[in-house]
Amino acid sequence: LGEPVPAGVTADPLALAFLRRQRRLEEQSRRREAGLGQRLQRFLTKKFYLFRRSALMTLIALRNLALGRPPLAQLAQEVAYANQRGQEEEAAAQLGSSGEAQGGAPE
């Protein structure tokens, strides 16, 4: 059921959507059943990465105003660095974005 599709075999889009939905529901139930310590850690981690991204993007914008815009490649690299998240945050974002792309409700 949760195994990857063998090479050369096309997966049914309906089955893939179902599996993504099931993974998202399992993740949501796991979060709901988590203890207070885990919930607090998840909350603080999310806020840390939100604050980090905001601070980095603000610094990039101020530098661009003061010194002019850098080459596009450098700017793309800096924005990609600012958008980096922790492993757990990345997995949660991956699950959330795949569900929204299929018309599911965001978390």
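Predicted model: local features only at pLDDT ≥ 70, side-chain atom pairs only at ≥ 80, totals over all residues.
What does the fold consist of? The protein has 4 helices and 0 strands, and reading along the sequence gives the pattern α-α-α-α. As for the contacts with a separation of 6 or more, 58% of them come from residues 24 or more positions apart.

Now I'd like to take you to one pair of helices. Helix H2 covers residues 36–67 and helix H3 covers residues 72–82. Their axes come within 9 Å and cross at roughly 160 degrees. An angle over 145 degrees counts as roughly antiparallel, so that is how H2 runs relative to H3.

Which residues make up this contact? On the H2 side we have Arg 52, Arg 53, Leu 56, Met 57, Ile 60, Arg 63 and Asn 64. On the H3 side, they meet Gln 74, Leu 75, Glu 78, Val 79, Tyr 81 and Ala 82. Sorted by class, the contact of H2 with H3 has 7 nonpolar, 2 polar and 4 charged residues.

Let me pick out Ile 60, which is found in helix H2. Is Ile 60 buried or exposed? Its relative accessibility is 13%, so Ile 60 counts as buried. Leaving aside residues up to four places away in sequence, Ile 60 touches Leu 75, Glu 78 and Val 79. Take Glu 78 from that list: Ile 60 and Glu 78 are 18 residues apart in sequence, and their C-alpha atoms are 7.8 Å apart in space.

Another spot to look at in this contact is Arg 52 with Tyr 81, both of which are among the residues where H2 and H3 meet. The charged end of Arg 52 sits over the ring of Tyr 81, 4.8 Å from the ring's centre.

And since we're talking about rings, how many aromatic pairs does the structure hold? There is 1. The pair is Phe 48 with Tyr 49, with ring centres 5.0 Å apart. Their planes lie at 75 degrees, so the pair is edge-to-face. Tyr 49 has 23% relative accessibility and therefore counts as partly exposed.

So, to recap for anyone with the model open: look for H2 and H3 crossing at roughly 160 degrees, then find Ile 60 touching Leu 75, Glu 78 and Val 79, and finish with Arg 52 over the ring of Tyr 81.

Key. Residues numbered from 1 in each chain as written. Heavy atoms only, no water. Axes fitted to C-alpha atoms, helices over the stretch in contact; angles between N-to-C directions. Helix = DSSP H or I, 4+ residues; strand = E, 2+ residues; numbered from the N terminus. Parallel < 35°, antiparallel > 145°, perpendicular 65-115°, else oblique. Contact = heavy atoms within 4.5 Å. Nonpolar A, V, L, I, M, F, W, Y, C, P; charged D, E, K, R; others polar. Buried < 20%, exposed > 50% of the residue type's maximum accessible area, 1.4 Å probe, protein only. Phe/Tyr/Trp six-rings, centres within 6.5 Å; stacked < 30°, edge-to-face > 60°. Lys NZ or Arg CZ within 6 Å of the ring centre and 35° of its normal.
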